[in-house]
Amino acid sequence: MRADDLAALREETAAQLAAAADLRAWDAVRVGVLGRGGRLTALLKALGALPPEARRERGAALNRLKAELEAAIEARRAELEAAALEARLAAERLDVTLPPRPHPPLGAEAGAIHPISRTMEELVAIFGAMGFRVAEGPDIESDWHNFGALNIPEHHPARQDHDTFYLPPGPDGRRPVLRTHTSPVQIRTMLTQPPPIRVIVPGRTWRADHDATHSPMFHQVEGLVIDRAITLGHLKGCLIDFLRAFFGIADLPVRFRASYFPFTEPSMEVDIGWNRRTGELGKGGDWLEILGSGMVHPRVLANCGLDPREWQGFAFGMGVERITMLKHGMADLRPFYESDVRWLRHYGADPLSPPSLAEGV
Ligand code: 2NL
């Protein structure tokens, strides 16, 4: 029995270890052999009852077996731990090539960007890519910044045309105005920054006018370029590129038509091609006025301390509501300001997808 019971313990332990599929089962085997009540522990305890000669021999054999079993048990632990780690790595593997999970639908939790804000973001992206910076200024302006500097004289009809909101007179006896266009910001830019200048000015503007197509508060974007040797060619190239990027129509027809503004000379209105009957932009043979533009009047340059023989430039202006309505086929101006959540959900833009110039905006 002596030699055989050791061989049996070795074999049975090896079989039990092989059958242990996880670390729990492995621990039960370990305790069954090496624990307080374990089979090897029992054999070691029984040594004391043997006579000295037999005890020495049997003790040496048991110690060899103990070392052997400990090594086998430890080896199986390492194997099971490695297998467990493999399984975890396989289960938790990340496929970094998967597309992102869709975020909640527009307007559900995230909210949406108001179409006016979205259009202004798009204008900043398009003109930003052409090297323009954004300039901002106050809504309450002096009469000189809003009219005088722009070559609109004291009793010029344009001052009435603009249906200006006047505020009570200041200490100088002159009445401040709510700006009727964003041009005073370009005036301030020319007064404070040396050329070359390339700015766009998105912002809120005010006129005492209210019907289906006019709101007393609305938004404009104007642009200004001042440098040496700027020509009408620069104006045309810049605005054609802008209109095609904004409406996302690579071959959008664009027409320049002579016009008049007191602050530009020559002045041009800009039309785009569309179908008057269907409202579709880009084809159809009809023309739609979309913005005003021109070469900055030499008197406006001089009013801002720039020598018109050295510096020239072009400027343009457009209504943000108008170009937004045309781009998205909106029929009515009033919902822009009514805060109707259903309308905002429908026309609002995804806050997680800001405008990109990858394929027009
Ligand atoms: C329109 C036309 C325009 C400008 C705005 C401008 C500004 C300065 C100097 C010269 Cl400081 N011009 N702005 C020029 C031409 C047209 O706007 O129809 N806006 C809605």
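Me: Quick one to start. Is S339 buried or exposed?
Reply: S339 is exposed, because its relative accessible area is 57% and the cut-off for exposed is over 50%. Keep in mind that this is a predicted model.

Me: Where does S339 lie?
Reply: In the loop between α11 and α12, and α12 covers 341-347. S339 also has a positive phi of about 55 degrees, although it is not a glycine.

Me: And A229, what is its phi?
Reply: Phi of A229 is near 60 degrees. That is a positive value in a residue other than glycine. A229 sits in the loop between β5 and α9. With a relative accessible area of 56%, A229 is exposed.

Me: New topic, the ligand. Which residues come nearest to it?
Reply: E222, F263, G292, A315 and G317, out of 16 residues around the ligand.

Me: What does E222 do there, in distances?
Reply: An N or O atom in the side chain of E222 is 2.8 Å from a nitrogen atom of the ligand. G317 uses its backbone: an N or O atom there lies 3.4 Å from a ligand nitrogen.

Me: How much of the ligand does the protein bury?
Reply: 89% of the 490 Å² that the ligand exposes when taken alone.

Me: Which elements give two or more residues to that shell?
Reply: α8 (183-192), β5 (217-227), β8 (286-296) and β9 (312-319).

Me: How do the shell residues divide by type?
Reply: Eight are nonpolar, seven are polar and one is charged.

Me: Now the core. Which residues touch the most other members of the largest nonpolar core?
Reply: F242, L243, F247, I272, I290 and L291. That core has 42 residues. Elements that each supply at least two of its residues include α5 (115-129), β5, β8 and β9.

Me: Which element gives the most?
Reply: α9, with eight residues. The helix covers residues 232-247.

Me: In what sense do β6 and β7 pair?
Reply: Antiparallel, over seven bridges. β6 spans residues 254-261 and β7 spans 264-274. They form a hairpin with two residues between them.

Me: What is the bridge partner of R257 in β7?
Reply: E269. R257 itself is found in β6.

Me: What does R257 count as, by accessibility?
Reply: Partly exposed, because its relative accessibility is 29%, and that class runs between 20% and 50%.

Me: What about D5, buried or exposed?
Reply: Buried, because its relative accessibility is 16% and buried means under 20%. D5 lies in helix α1, residues 2-19. Its side chain is joined to that of R58 by a polar contact of 3.2 Å.

Me: Where is the place of G282?
Reply: In the loop between β7 and β8. G282 counts as buried, at 17% relative accessibility.

Me: Last topic, prolines. Is the peptide bond from P195 to P196 cis or trans?
Reply: Cis, with omega near 0 degrees. P196 has its place in the loop between α8 and β4, and β4 covers 197-206. Another cis peptide bond joins E265 and P266, with omega about -5 degrees. P266 lies in strand β7.

Terms used:
Residues are numbered from 1 along each chain as its sequence is written. This is a predicted model: local features need pLDDT of at least 70, side-chain atom pairs count only at pLDDT 80 or more; totals for chains, interfaces and linings use all residues. Side-chain values use heavy atoms; hydrogens and water are left out. A residue is near a molecule or strand if one of its heavy atoms lies within 4 Å of it. A polar contact is a pair of N or O atoms within 3.5 Å; within protein, one must be able to donate a hydrogen and the other to accept it, and residues adjacent in sequence count only if both atoms are side-chain atoms. Accessible areas come from the Shrake-Rupley method with a 1.4 Å probe; for residues, only the protein chains shown count as cover. Helices (H or I, at least four residues) and strands (E, at least two) are DSSP runs, numbered from the N terminus. Ala, Val, Leu, Ile, Met, Phe, Trp, Tyr, Cys and Pro count as nonpolar, Asp, Glu, Lys and Arg as charged, and the others, Gly among them, as polar. Two strands pair if DSSP finds at least two bridges between them. A nonpolar core is a set of buried Ala, Val, Leu, Ile, Met, Phe, Trp, Tyr and Cys residues joined through side-chain atoms within 4.5 Å. Buried means under 20% relative accessible area, exposed over 50%, partly exposed in between (1.4 Å probe, protein chains only).
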